[in-house]
Amino acid sequence: MSEFAAELRARVDEVDAELRVMRQAFDHHAVEVLGGRLENLLRIADQHGIDVRYAGGGPAAGTG
């Protein structure tokens, strides 16, 4: 795995974990911001052919 792919997967995992916490805290603004950040990361991954669906906890949960 390339360093770029590993870093992208790590960032997706971090944002996904933070998004889950903010959903539990009912912080709607943070959920909106983090959701946008996650969408951008997933778009970048898709553009580069990197599968991040099952990175860590799986960012696809709740994004589709």
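User: What makes Glu3, Glu7, Glu14 and Glu18 a patch of negative charge on the surface?

Analyst: Glu3, Glu7, Glu14 and Glu18 gather in such a patch. Patches are made of residues with over 30% relative accessible area and no salt bridge, like charges being joined within 9 Å, and nonpolar side chains (Val, Leu, Ile, Met, Phe, Trp, Tyr) within 5 Å. Asp and Glu count as negative, Lys and Arg as positive, while His and the chain ends are not counted. The place of a charge is taken as NZ of Lys, CZ of Arg, CG of Asp or CD of Glu. This is a predicted model, in which local features need pLDDT of at least 70, side-chain atom pairs count only at pLDDT 80 or more, and totals for chains, interfaces and linings use all residues. Residues are numbered from 1 along each chain as its sequence is written, and side-chain values use heavy atoms, with hydrogens and water left out.

User: Why is Glu14 called exposed?

Analyst: Buried means under 20% relative accessible area, exposed over 50%, and partly exposed in between (1.4 Å probe, protein chains only). Glu14 has 53% relative accessibility, so it counts as exposed. Glu14 lies in helix α1; helices (H or I, at least four residues) and strands (E, at least two) are DSSP runs, numbered from the N terminus.

User: What makes the pairing of Asp16 with Arg20 a salt bridge?

Analyst: The term requires a side-chain nitrogen of Lys or Arg within 4 Å of a carboxyl oxygen of Asp or Glu. The closest N and O atoms of Asp16 and Arg20 are 3.0 Å apart, and therefore the pair meets the definition. The structure holds one salt bridge. Both residues lie in helix α1 (residues 3-24), four residues apart, about one turn of the helix.

User: What share of the protein chain counts as buried?

Analyst: Of its 64 residues, 28% count as buried. The protein chain has two helices and zero strands.

Methods:
Accessible areas come from the Shrake-Rupley method with a 1.4 Å probe; for residues, only the protein chains shown count as cover.
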